[in-house]
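Good morning, and thank you for coming. I would ask you to look at the structure on the screen while I take you through a few of its features.

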Amino acid sequence: MSREEFLEESYQAVRRRISQACERAGREPREVTLVAVSKTHPASDIRTLYEMGHRDFGENYVQEWDDKRGFLPDDIRWHFVGHLQSNKARYLADQVHLVHSVDRKSVMKELNKRSDSTVEVLIQVNTGNDLAKGGVDPGDTTGLLTRLVEKYPRLKPCGVMTIPPFDEPIETTRQHFATLRGVFEQCQEALVQADSEFVDGFEHISMGMTSDFEVAIEEGATLVRVGTALFGERRT
Ligand SMILES: *Cc1c(COP(=O)(O)O)cnc(C)c1O
């Protein structure tokens with residue numbers, strides 16, 4: 001099987017699984033956007049999915065993304081899903097469709113300062129109270145959102161994101177997803193209370209990867225970030 005055939009098959013299989021999960025959850029497949037997480041895979045793989053009509057791709061490392069995107073069409077919607085350092089934020093400004101991993105003031109400040117136009121962002125939430133990972137504590141999320149809205153006019157808050165701890169039983173992971181959904185609802189409520197212009201655009205819950213995206217869809221995900229199930233094992 002050629003690499004193209006492999007990718008075509010895995011892409012169709014993931015699409016089918018998304019549709020089936022939506023059906024079980026009583027949701028419409030168009031409510032869920034598949035973000036193809038292409039880190040470590042070559043630009044040619046991205047192009048293969050692009051030619052099948054796919055447009056949403058996720059990358060984790062600023063340098064790697066910058067190296068690849070030069071070879072690829074302009075109408076790709078890039079999602080930055082990696083841990084974001086404030087000294088790298090300027091490279092993303094005005095270049096990506098959505099930054100999934102905003103979790104602190106220094107990153108918000110830098111993105112705001114370096115952008116000429118609006119930057120759409122998600123707030124990353126640490127649903128696992130997992131010290132090793134990025135993300136704001138669930139209880140501090142509405143505070144960070146309020147700060148973002150008040151102090152950083154170029155940032156547009158569009159929702160929340162989580163990366164749950166790895167290697168936990170799926171029912172524990174499901175609880176992390178339910179926690180994120182709860183945080184999302186609190187944020188929505190805070191925006192409504194503040195009579196914010198961002199109420200309507202605050203619509204995304206980014207959760208679910210290869211091992212758990214179907215459960216994430218059942219728990220309300222609107223963006224699922226899938227790498228391995230599409231591209232195979234990562235090259236290092
Ligand atoms: C790598 C990565 C993914 C994709 O992971 P898979 O398990 O390969 O699907 C999704 N989200 C983030 C934040 C990642 O770093």
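**The ligand and its surroundings**

A backbone N or O atom of G227 lies 2.8 Å from an oxygen atom of the ligand. Please bear in mind that this is a predicted model. How much of the ligand's accessible area does the protein cover? Of the 390 Å² that the ligand has on its own, the protein covers 90%.

Side chains also take part. In N60, a side-chain N or O atom is 2.7 Å from an oxygen atom of the ligand. For R225, a polar side-chain atom lies 2.9 Å from a nitrogen atom of the ligand. The residues that surround the ligand include V37, K39, I163, M209 and R234.

Let us now turn to helix α3, which spans residues 62–69. Its buried residues are V62, E64, W65 and K68. Why are these residues on the same side of α3? They cover an arc of only 165° around the axis, and therefore share one side of the helix. The buried residues of α3 pack against α2 (43–51), β2 (56–59), β3 (77–80) and α4 (89–92).

Most residues other than glycine have a negative phi. D94, although not a glycine, has a positive phi of about 65°. D94 is found in the loop between α4 and β4, and is partly exposed, with a relative accessible area of 32%. D167 is likewise not a glycine, and its phi is positive, near 60°. This residue lies in the loop between β6 and α7. Is D167 buried or exposed? Because its relative accessibility is 82%, D167 counts as exposed.

Conventions: Residues numbered from 1 in each chain as written. Predicted model: local features only at pLDDT ≥ 70, side-chain atom pairs only at ≥ 80, totals over all residues. Heavy atoms only, no water. Buried < 20%, exposed > 50% of the residue type's maximum accessible area, 1.4 Å probe, protein only. Helix = DSSP H or I, 4+ residues; strand = E, 2+ residues; numbered from the N terminus. Arc of directions from axis to C-beta. Contact = heavy atoms within 4.5 Å. Near = heavy atom within 4 Å. Polar contact = N/O pair within 3.5 Å; in protein donor to acceptor, adjacent residues only side chain to side chain. Areas by Shrake-Rupley, 256 points an atom, 1.4 Å probe, with all protein chains shown as cover.
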